[in-house]
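Topics are grouped for reference.

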Amino acid sequence: MPAMAATKSSTIWSPFEDRATAPFTLPPLPYDEGALAPTISSDTLRVHHGAHHKAYIDKTNKLVEEKGLQGKTLLEIVKQAAGDKSNPGLFNNSAQAWNHSFYWHSMTPGGGGQPQAALKAAIEKDFGGFDQFKEKFSKAAAGQFGSGWAWLVADGGKLKIMPTGNADTPIVHNVVPLVTIDVWEHAYYLDYKNKRPDYIAAWLDKLVNWSFAAENFSYANKK
């Protein structure tokens with residue numbers, strides 16, 4: 001897992017080039033717990049990161065030890081576990097550990113607005129405009145039944161919106177995720193109760209980290 005030290009750093013975690021190997025430690029948030037308030041409260045981040053994400057890390061480490069996968073990166077473990085139907089727990093926990101690290105970096109204090117340059121042009125080309133993208137992304141996130149995620153992904157030179165259920169993740173579907181929103185209830189319920197659409201709208205307007213998405217878009221274009 002990434003060893004991001006401080007939010008004050010200008011370094012952007014590269015989710016596809018992280019070489020940390022098992023056993024993993026819970027990565028710190030890339031900002032203070034209160035930095036996303038009032039859109040997402042410190043109480044939500046404390047529970048979401050310190051309890052839920054930590055549990056995925058701890059369970060992954062236990063299962064990795066049982067399977068003898070020490071020395072592999074989290075990305076390698078997720079991809080290997082996706083093909084092992086005999087051990088769904090390893091996939092569910094390792095994928096959720098990876099998804100959550102990606103989610104933390106998909107947000108930033110003072111985020112929102114619109115992406116710049118190449119990513120904005122690609123969004124306008126593939127969705128017909130930025131407002132159309134927001135509408136389709138919001139619909140996918142709000143319409144994800146039960147627990148899951150909504151992702152902006154690059155797929156063969158084209159941007160797409162990809163909802164996934166539970167622990168499912170684009171990294172096992174041969175596409176490159178650019179940014180994601182977590183729509184499991186633990187991501188928003190303390191702040192928004194059952195009003196998931198309000199959380200999604202606030203997330204897009206005030207938190208989405210387009211710089212992180214742009215870095216991932218550059219990576220996708222180099223593949």
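In this predicted model, Trp151 has a relative accessible area of 0% and is therefore buried. Its ring pairs with that of Phe102: the centres lie 5.6 Å apart and the planes meet at 50°, so the pair is tilted. Phe102 is likewise buried, at a relative accessible area of 0%.

**Aromatic pairs**

- Phe102 belongs to helix 3 and Trp151 to strand 1 (residues 148-155), so their pair ties together parts that are 49 residues apart in sequence.
- Tyr188 and Tyr199 form a stacked pair, with 5.0 Å from centre to centre and 20° between the planes.
- Because Tyr188 sits in the loop between strand 3 (176-182) and helix 6 (189-192) while Tyr199 sits in helix 7 (residues 196-206), this pair ties together parts 11 residues apart in sequence.
- Tyr188 is buried, with a relative accessible area of 3%, and Tyr199 is buried at 1%.
- Across the whole structure, the search finds 17 aromatic pairs.
- Ring pairs also join residues into a cluster consisting of Trp13, Phe16, Trp98, Phe102, Tyr103, Trp104, Trp149, Trp151, Phe212 and Tyr219.

**Nonpolar core**

- The largest nonpolar core has 70 residues, among which Leu159, Tyr199 and Trp203 touch the most other members.
- Helix 3 (residues 88-105) supplies the largest share of this core, with 8 residues.
- When neighbours within four places in sequence are set aside, the contacts of Trp203 are Thr39, Ile40, Tyr103, Ser106, Met107, Phe137, Val179, Thr180, Ile181 and Val208.

**A buried threonine**

- Thr169 is located in the loop between strand 2 (158-165) and strand 3.
- With a relative accessibility of 0%, Thr169 counts as buried, the limit being under 20%.
- Apart from neighbours within four places in sequence, Thr169 is in contact with Val78, Phe91, Ala95, Trp98, Asn99, Trp151 and Thr164.

**Packing of helix 4 and helix 8**

- The axes of helix 4 (residues 117-127) and helix 8 (residues 210-222) come within 9 Å of each other and cross at roughly 85°.
- An angle of 65 to 115 degrees counts as roughly perpendicular, and helix 4 and helix 8 are therefore described in that way.
- On the side of helix 4 the contact is made by Ala118, Leu119, Ala122 and Ile123, and on the side of helix 8 by Trp210, Ala213, Ala214 and Phe217.
- By class, this contact between helix 4 and helix 8 comprises 8 nonpolar residues, no polar residues and no charged residues.

**Backbone geometry**

- The peptide bond joining Ala22 and Pro23 is cis, with omega at about 5°; Pro23 lies in the segment before helix 1 (42-67).
- A cis peptide bond also runs from Ala37 to Pro38, where omega is near 5°; Pro38 is placed in the segment before helix 1.
- Ala117 is a residue other than glycine with a positive phi, near 50°. Ala117 is found in helix 4, and its relative accessibility of 64% makes it count as exposed.
- Lys193, although not a glycine, has a positive phi of about 55°. Lys193 lies in the loop between helix 6 and helix 7 and is partly exposed, with a relative accessible area of 44%.

Methods: Residues are numbered from 1 along each chain as its sequence is written. This is a predicted model: local features need pLDDT of at least 70, side-chain atom pairs count only at pLDDT 80 or more; totals for chains, interfaces and linings use all residues. Side-chain values use heavy atoms; hydrogens and water are left out. A nonpolar core is a set of buried Ala, Val, Leu, Ile, Met, Phe, Trp, Tyr and Cys residues joined through side-chain atoms within 4.5 Å. Buried means under 20% relative accessible area, exposed over 50%, partly exposed in between (1.4 Å probe, protein chains only). Helices (H or I, at least four residues) and strands (E, at least two) are DSSP runs, numbered from the N terminus. Contact means heavy atoms within 4.5 Å. Rings of Phe, Tyr and Trp (its six-membered ring) pair if their centres lie within 6.5 Å; planes under 30 degrees apart count as stacked, over 60 as edge-to-face and the rest as tilted. Axes are lines fitted to C-alpha atoms, for helices over the stretch in contact, and angles run from 0 to 180 degrees between N-to-C directions. Angles under 35 degrees count as roughly parallel, over 145 as roughly antiparallel, 65 to 115 as roughly perpendicular and the rest as oblique. Ala, Val, Leu, Ile, Met, Phe, Trp, Tyr, Cys and Pro count as nonpolar, Asp, Glu, Lys and Arg as charged, and the others, Gly among them, as polar.
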